[in-house]
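Thanks for passing this one along. Here are my notes, point by point, to read beside the model.

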Amino acid sequence: MKKRFGTALNCIDGRTQIPVIKWMKENFHVDYVDLITEPGMDKVLSQGKWIEMERLREKAMVSITAHNLM
């Protein structure tokens with residue numbers, strides 16, 4: 001059976017990693033979760049500069065491409 005992957009944009013704070021992975025697995029029925037982390041991810045997403053947003057997009061595309069999610 002083919003394994004299912006997901007990608008999460010998350011805060012770098014290690015306390016959030018396991019809960020986010022668990023939530024993604026339960027709600028999106030994925031087997032593995034790639035994590036893209038930044039300090040204060042919510043601020044980066046809402047107020048970040050274009051270069052920061054582009055960097056996150058590039059990282060997400062690596063995850064998507066590596067696991068043939070498109």
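1. Phe 28 has a relative accessibility of 45%, so it counts as partly exposed; buried means under 20% relative accessible area, exposed over 50%, and partly exposed in between, using a 1.4 Å probe and protein chains only. Trp 23, at 48%, is partly exposed too.

2. A word on the source: this is a predicted model, in which local features need pLDDT of at least 70, side-chain atom pairs count only at pLDDT 80 or more, and totals for chains, interfaces and linings use all residues. Residues are numbered from 1 along each chain as its sequence is written, and side-chain values use heavy atoms, leaving out hydrogens and water.

3. Strands E1 (residues 5-11) and E2 (residues 32-38) pair in the parallel sense over 7 bridges. Pairing requires at least two DSSP bridges between the strands; helices (H or I, at least four residues) and strands (E, at least two) are DSSP runs numbered from the N terminus. Within this pair, Leu 9 stands opposite Ile 36 of E2.

4. Helix H3 (residues 50-66) has 17 residues and should span 24 Å at 1.5 Å a residue; its end C-alpha atoms are 24 Å apart, in agreement. The expected span is 1.5 Å times one less than the number of residues.

5. Which residues of H3 are buried? They are Glu 54, Leu 56, Ala 60 and Ser 63. Their cover includes E1, E2 and helix H2 (41-47), where contact means heavy atoms within 4.5 Å.

6. Just after H3, do look at Asn 68, which takes a positive phi of about 50 degrees.
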